[in-house]
Amino acid sequence: MIRKISVVVLLVTGLAAIGLGYEVVGGKIHVVYGARQPVEIVDPSIHYDWSTRNILQSLYDALLKYVDNPPILEPWLASSWEVSPDGLVWTFHLVRNAKFHNGDPVTADAVMFSFVRTLTLKQGPAWMLLGILDPEGIEVIDPYTIRFTLNYPYAPFISVLPWWYIMNPNVVMAHEVDGDWGTNWLRNPPNEAGSGPFVIREWRHGEYYWLEAWDEYWKGWPHPDHIGGFIFKLIREPASQRVAILTGEADIVEGVTPRDFDELAKTPGIYVPEYPGMTTFGIKMNTRRGMTANPLIRKAICYAFDYEALIDIYEGHAILMDSPFPPATKGYVSLKELMYRQDLEKAKEYMRMAGYPEGGFELEYVYVAGLEEERLIGLVLQECLAKLGITVKLVPMVWPQMVELISKPETSPDMAAVFTTPVTNDPDAIAIQYHPMSAGRYYYAHWYENPKVTQLVEQARATVDWDTRAKMYEEIQKIILEDAPEIFGMLYNRRWALREYVQGFRFCPLRMTSEIDMYYLYIDKAKLPSKS
Amino acid sequence: MGGGPLNERPPYFMTGYLIRRILLLGLTLLGLSVLVFIISRVVPADPARLAAGPDATEEMVQKLRKEFRLDDPLPIQYFAYVRGIFQGDLGRSIRTRRPVIEDLARYYPATLELVLFSLFLASIGGILIGTLSGVYHGRWIDQLSRLIAVAGVGMPDFWLALMLQMWMALKWKLLPSGGRLGFQTPQPIGITHFFLLDSLLTGNWRTFVEALRHILLPAISLSFPAFASLARLTRAEVLDVLSAEFVKTARAKGLGEGVVIWRHMLRNALIPTTTMIGLRFGWMLGGTVMVETVFNWPGLGLYAVQSATFADFNAIMGTTLLVGLNFALANLLVDLLYGVLDPRIRYD
């Protein structure tokens with residue numbers, strides 16, 4: 001009996017000692033990416049977030065693609081393009097060897113279909129071009145040339161194209177039911193209609209998504225030892241991610257705590273790439289209602305805040321903002337000399353000018369419940385504003401409720417902790433956050449409106465000449481800073497932990513938060529431990 | 001419920017009771033659906049805005065609102081929902097865009113398997129240790145059981161889960177740190193959708209061992225509090241029954257100690273324990289989220305939390321009703337088991 005039990009125990013526990021981690025399939029290494037966020041909808045017209053983008057980018061191609069740091073727009077399905085002098089007409093010439101996973105060629109018809117589909121469904125990335133481009137403005141010139149005629153000149157047009165993936169119309173429309181544009185079929189993996197470097201091998205909802213490299217990828221592979229595939233494995237708990245990379249159950253992780261990243265960086269066999277991203281943190285102040293509607297009070301708050309504490313909270317893995325625009329944005333100007341930094345004398349002076357030399361009022365600071373960094377920042381704010389006689393009430397709130405409050409000026413909190421990630425490095429992506437067109441969106445929590453800024457934003461997006469635009473954006477940055485609609489905080493660094501045999505990691509700040517372009521990854525065989 | 005002559009159990013003894021309970025169950029679920037519907041709708045959150053994405057225009061938000069009929073008056077939305085239930089339709093999730101019933105069918109078996117396995121471990125362990133510590137009260141096994149009980153009641157399950165993961169997976173590399181199966185392990189043919197059972201039924205030993213290895217740590221974490229309280233309860237009941245007349249009679253008849261304990265004493269001591277097992281089943285089903293998070297167990301708990309984060313009203317409703325139904329069924333089963341454990345108990 002004891003012998004039988006021993007055999008079972010050995011089987012159950014002993015087998016675990018077999019090396020875990022990357023998988024070997026047909027002699028190729030498939031790496032495991034441990035990530036916190038699931039992917040539910042894999043339809044490029046319907047949804048995007050960082051985890052979905054990680055998959056979409058692997059399955060689909062767009063006309064252009066963002067690569068490297070600082071980001072550049074690399075021709076992808078489009079080999080070249082030209083724009084009319086008035087900025088209205090954009091003509092793209094497609095590569096001739098691109099093909100979808102089923103062998104169909106990627107043609108101008110497919111490009112037109114994909115744009116029309118997204119514009120008609122009005123979901124996912126549609127907001128980027130709704131009102132700017134109508135389906136009627138898209139024209140197939142020949143099988144490999146497509147023309148877009150915009151409703152009005154829109155300089156950032158080209159910057160959003162990497163978000164518009166091209167789908168195979170033959171595959172999608174073969175599954176159309178009741179005029180649904182194939183959405184009920186395409187959203188359900190393993191269904192897909194792409195031409196990207198990977199295809200779906202296995203999809204287990206709530207567990208992992210396994211994609212394998214498509215050997216016939218039309219653009220070829222950048223490295224002979226490219227990964228054979230990747231498994232996007234859901235590991236929700238930061239502590240579990242740490243365990244997974246240390247045991248080798250994952251080859252890449254993205255969500256461990258800042259302290260654990262520091263520890264992993266010192267662990268043999270693991271490296272931690274670290275780059276400033278595009279995600280800004282700001283404390284948005286309601287400019288329409290209550291005490292923060294007074295610009296003098298807002299300035300007093302900006303001068304009272306301890307900015308260095310932000311860096312401490314992120315344990316040195318962040319940089320302070322020195323403009324309303326992140327540094328990777330085109331047209332960014334460093335306004336170091338003008339930027340608010342803690343100066344209590346100035347803060348008190350502004351409180352006197354506002355008529356509240358002793359403070360004597362309370363402000364609410366709303367943050368996302370459970371985000372420890374935001375809570376700590378709230379405590380810093382509480383301590384700093386106490387010196388001005390302002391009481392800060394910390395209000396944790398779940399994100400859905402916070403979004404709802406922010407969507408109206410009368411309910412938007414006095415101060416709201418908000419992280420914002422622009423989708424392009426065109427300055428319009430940031431400037432528009434200070435334009436009333438953004439009303440209702442979470443980053444418009446300040447409800448800021450300055451007619452001069454509004455006019456400049458509209459003029460700049462309609463101007464084709466970059467030098468003229470750049471001057472406008474410089475002015476916009478200065479005015480916004482002067483108006484102080486928020487405490488301009490910091491940009492925290494993006495970090496991942498990778499096993500050292502996984503090489504080829506190429507950072508681009510326009511990938512969303514934890515997104516990795518898996519296409520460039522390859523295996524350094526000299527560093528590869530054997531699976532024993 | 002009431003006492004009755006021993007072993008007198010007409011065949012119709014439970015029919016009326018069963019019908020009444022099932023009707024009551026329907027009413028309970030109806031009440032629950034009203035309650036959850038109101039709560040999910042009065043929460044100040046706009047599911048359409050959340051699902052449309054952070055940059056969506058007002059036009060896009062409105063389109064989604066219309067598609068999910070969020071502009072309809074609340075009573076109409078509610079009656080449409082209830083009508084759907086009778087047609088086997090729990091609506092569509094605004095987050096996953098799939099029918100909720102499809103999502104539940106995907107995630108529920110994983111959670112149910114984990115809960116049942118955990119309950120199995122907790123019941124076997126709890127009753128065994130509880131009985132031994134009752135019979136040998138004051139001895140070392142009793143002291144040990146008391147220690148375990150205090151630890152089980154006081155220790156949060158997620159902490160235990162993290163500790164088990166750190167030691168068993170990271171330090172000693174004995175068991176995997178998460179998931180339900182290895183990547184290249186084929187899933188068993190879906191008969192019950194419980195991997196352990198399906199692999200056993202199909203004789204797929206490789207998958208069985210893999211599934212067992214994966215379920216052990218989450219099941220131990222989830223079962224520990226239940227194990228501790230079951231052990232304490234069983235001990236108390238055993239101590240109570242030990243001095244009962246029928247036990248003395250059994251011993252006086254010269255029956256062996258094993259027969260006295262396992263056949264006479266335990267059967268009587270198990271009635272409160274059965275109630276506790278039933279209650280624990282409901283609690284476990286509603287409380288797997290922390291363990292599922294730590295061990296990446298693709299279950300209902302995580303689905304529920306993600307749905308709540310997105311104010312995904314249909315998914316929240318569906319999950320709550322399913323858990324409520326399980327809870328009610330478990331209670332019904334416990335009540336029926338009373339009759340089996342103690343033939344004097346009958347239902348009029």
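A polar contact, as the term is used in these legends, is a pair of N or O atoms within 3.5 Å, of which, within protein, one must be able to donate a hydrogen and the other to accept it. The model shown in every view is predicted.

**View 1. Ser159 of chain A and its polar contact with the backbone of Pro156(A).** In this predicted model, the side chain of Ser159(A) comes to 2.6 Å from the backbone oxygen of Pro156(A), a distance that falls within the 3.5 Å limit for a polar contact. Ser159(A) belongs to helix α4 of chain A, which covers residues 157-160. With a relative accessible area of 5%, Ser159(A) is classed as buried, because that class takes in residues under 20%. When neighbours within four places in sequence are left aside, the residues in contact with Ser159(A) are Tyr66(A), Leu73(A), Thr424(A) and Asp426(A).

**View 2. Ser514 of chain A in a loop between two strands.** The loop that holds Ser514(A) runs between β21 (502-503) and β22 (522-523) of chain A. Ser514(A) has a relative accessible area of 8% and is therefore counted as buried. Its side chain is joined to the side chain of Glu254(A) by a polar contact of 2.9 Å.

**View 3. Leu59 of chain A and the residues around it.** Leu59(A) is part of helix α2, residues 50-59 of chain A, and its relative accessible area of 0% places it in the buried class. Apart from neighbours within four places in sequence, Leu59(A) is in contact with Val42(A), His101(A), Glu192(A), Gly194(A), Ser195(A), Gly196(A), Phe198(A), Val199(A), Ile200(A) and Leu211(A). For Lys299(A), which stands 240 residues from Leu59(A) along the chain, the separation between the two C-alpha atoms is 48 Å.

**View 4. The interface between chain A and chain B.** Here 57 residues of chain A meet 55 residues of chain B in contact, and the two chains bury about 4,700 Å² between them, with 56% of this area on carbon and sulfur atoms. Three salt bridges are found across the interface, including one between Glu40(A) and Arg98(B), whose closest N and O atoms are 2.6 Å apart. Polar contacts between the chains, with both residues at pLDDT 80 or more, come to 22 residue pairs. On the side of chain A that touches chain B, the elements supplying at least two residues each include α1 (2-14), α3 (108-121), β9 (198-204), β10 (208-213) and α7 (238-247). Of the elements of chain A, α7(A) gives the most to this side, with six residues. By class, the side of chain A that touches chain B is made up of 30 nonpolar, 13 polar and 14 charged residues.

**View 5. Chain B, with 14 helices and zero strands.** Among the contacts in chain B with a separation of 6 or more, 74% are accounted for by residues 24 or more positions apart.

Terms used. Residues are numbered from 1 along each chain as its sequence is written. Chains are lettered from A and ligands numbered from 1 in the order in which they are written. This is a predicted model: local features need pLDDT of at least 70, side-chain atom pairs count only at pLDDT 80 or more; totals for chains, interfaces and linings use all residues. Side-chain values use heavy atoms; hydrogens and water are left out. Contact means heavy atoms within 4.5 Å. Buried area is the accessible area (1.4 Å probe) that two parts lose on being put together, summed over both. A salt bridge is a side-chain nitrogen of Lys or Arg within 4 Å of a carboxyl oxygen of Asp or Glu. Helices (H or I, at least four residues) and strands (E, at least two) are DSSP runs, numbered from the N terminus. Ala, Val, Leu, Ile, Met, Phe, Trp, Tyr, Cys and Pro count as nonpolar, Asp, Glu, Lys and Arg as charged, and the others, Gly among them, as polar. Buried means under 20% relative accessible area, exposed over 50%, partly exposed in between (1.4 Å probe, protein chains only).
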